[in-house]
Amino acid sequence: MLTLLALTVYVFVKHSFEEEDSHSTGKTEGIRTTLKIMGIEEENHDHENPLLQSRSGFPSSSPVQPPFKRTGTLWTAVAHIITGVIGSGVLSLAWSLAQLGWIAGPLSMLFFALVTLLSSFLLSNCHRSPHPEHGPIRNRSYFEAVHTNLGEKTAWVCGLFIQINLYGTGIAYVITSATSMRAIQISNCYHKYGHEATCEFGNSLFMLLFGAVQVVMSQAPDFHNIQWLSIVAAIMSFAYSTIGIGLGAAKVIGDGIVKGSIEGVSMSAAQKVWSVSQALGDIAFAYPYSIILMEIQSPPPENETMKKASTMAICITTFFYLCCGGFGYAAFGDQTPGNLLTGFGFYEPYWLIDFANACIVIHLVGGYQVFSQPFFAIVDKWFGEKFPDSDFINSHYTLKLPWLPTLKLNLFRLCFRTAYVASTTAIAMIFPYFNQVLGVLGALNFWPLSIYFPVEMYCVQRNIRAWTSKWIVLQIFSIVCLLVTMIALIGSIEGLLTAKFS
């Protein structure tokens with residue numbers, strides 16, 4: 001039913017675009033520098049957004065830059081979307097399918113795929129203002145688009161959700177990386193002492209180790225200094241995702257049976273409601289890429305190019321997700337682990353399990369910085385403007401250590417960024433629950449960033465009046481997605497609290 005609604009709205013909006021001669025479409029990250037590393041630069045002479053030149057409100061993660069060349073193509077846009085979407089969320093999809101079953105599971109993935117595609121169609125019209133194709137002003141970030149179309153107060157609310165998303169993703173990455181490091185230790189233990197051995201290790205030490213690494217890496221002045229990490233992170237994400245698919249497929253072929261059922265894991269009605277809700281949250285975490293769509297550079301007309309790029313990327317990603325989730329569920333059935341590579345449905349080859357989890361750790365080491373550096377840049381910029389004469393905030397000191405390159409330290413950056421990393425690590429240690437945390441984050445950010453703001457911006461840009469047929473269809477779509485999001489959020493919070501206090 002929900003998938004049919006999403007498909008109906010998608011067709012409706014697409015038809016509206018064609019009538020108005022405007023073609024539209026579109027996760028890391030609020031980060032333009034991440035997208036530049038593969039050679040994408042902007043080309044035509046865009047004007048800076050005048051609304052953002054003198055404002056003193058919530059700082060954007062992508063401050064206005066002077067005109068620059070844009071050489072991105074359709075294929076580079078597709079590559080960036082796929083790279084931005086596929087991440088650690090893919091590891092929970094097999095568990096999500098197990099909760100939903102063979103019918104509801106794939107349909108839920110298709111629903112979120114269609115919703116994400118529709119969201120990208122709406123957002124792509126916001127690349128330029130006031131006209132989606134010929135407007136002289138180019139909005140270079142999600143925040144700028146909201147500010148231009150919906151005003152400063154709404155932009156503040158949007159900025160809050162963006163920062164919650166970035167901060168929450170950092171927490172999830174601490175949990176996931178520690179789980180993977182522990183899985184390597186457990187895998188080696190099983191290989192050495194047998195699969196029946198008692199191999200139990202805690203997460204806390206690994207979380208502290210990951211946090212210590214991030215404290216050091218966070219002292220980089222900006223993302224330009226560590227942009228090579230993004231390239232490595234992208235390669236690693238494809239590596240461990242592909243290994244997960246391969247191991248699941250090999251087990252299904254080896255066992256000669258497809259496990260699972262139509263209704264999913266058997267449990268009481270109350271438990272089923274909570275598990276299904278949490279599964280929806282996990283899927284919601286895996287799909288959307290709204291906050292990076294505006295920063296993906298493409299040749300004009302941007303909306304037409306991004307429409308094609310998003311359609312291709314979502315089709316490829318959905319196929320990839322269905323394979324990963326489907327093979328995982330088919331391999332383990334009701335016993336499908338929450339994390340496909342750390343739940344130890346797979347024991348051998350142990351070296352491949354170790355390699356896949358090492359890829360996860362490497363990916364998340366870079367991914368943490370990808371999601372944290374935009375927030376660091378915002379804080380540095382805001383405090384620098386508010387206290388221009390403060391030596392604590394603006395002075396830099398040179399530190400020379402033996403056998404290491406010269407380091408430039410800033411006391412404010414050292415204190416704030418260390419406290420930031422410590423806070424994400426501490427929260428992760430308090431709630432070290434992979435599926436539950438992903439569910440909360442996915443549900444919390446899905447509706448506002450992927451549905452509400454894109455729908456409202458589209459209505460403003462198209463001058464769609466209240467109670468017209470288009471407005472009613474879009475509002476019904478938004479309300480239905482809000483209800484799905486609330487169900488997923490409540491179920492994920494219940495799962496988080498149950499895991500904590502049980």
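Visitor: Which element gives the most to the lining of the second largest cavity?

Guide: That's α4, with four residues. Keep in mind that this is a predicted model.

Visitor: And which elements give two or more residues there?

Guide: Let me start with the residues themselves. The lining of the second largest cavity is made up of Thr116, Ser119, Ser120, Leu123, Pro288, Tyr289, Ser290, Leu293, Phe446 and Ser450. The elements giving two or more of them are α4 (93-124), α10 (290-293) and α15 (434-461).

Visitor: OK, switching topic. How many residues does the largest nonpolar core have?

Guide: It has 119 residues. Those with the most contacts inside the core are Ile81, Phe112, Tyr142, Ile162, Tyr240, Tyr321 and Ile451.

Visitor: Which element gives the most to this core?

Guide: α4 again, with 16 residues in the core.

Visitor: Zooming out, what does the secondary structure of the chain come to?

Guide: There are 16 helices and four strands.

Visitor: And how much of the chain counts as buried?

Guide: Of its 502 residues, 57% count as buried, that is, under 20% relative accessible area.

Visitor: What about the accessible surface of the chain?

Guide: The total is about 20600 Å², and carbon and sulfur atoms account for 68% of that.

Key:
Residues numbered from 1 in each chain as written. Predicted model: local features only at pLDDT ≥ 70, side-chain atom pairs only at ≥ 80, totals over all residues. Heavy atoms only, no water. 1 Å grid on protein atoms, 1.4 Å probe; cavity = no way out; pocket = protein on both sides within 12 Å on 5 of 7 lines; lining within 4 Å. Core = buried A, V, L, I, M, F, W, Y, C linked by side-chain atoms within 4.5 Å. Buried < 20%, exposed > 50% of the residue type's maximum accessible area, 1.4 Å probe, protein only. Areas by Shrake-Rupley, 256 points an atom, 1.4 Å probe, with all protein chains shown as cover.
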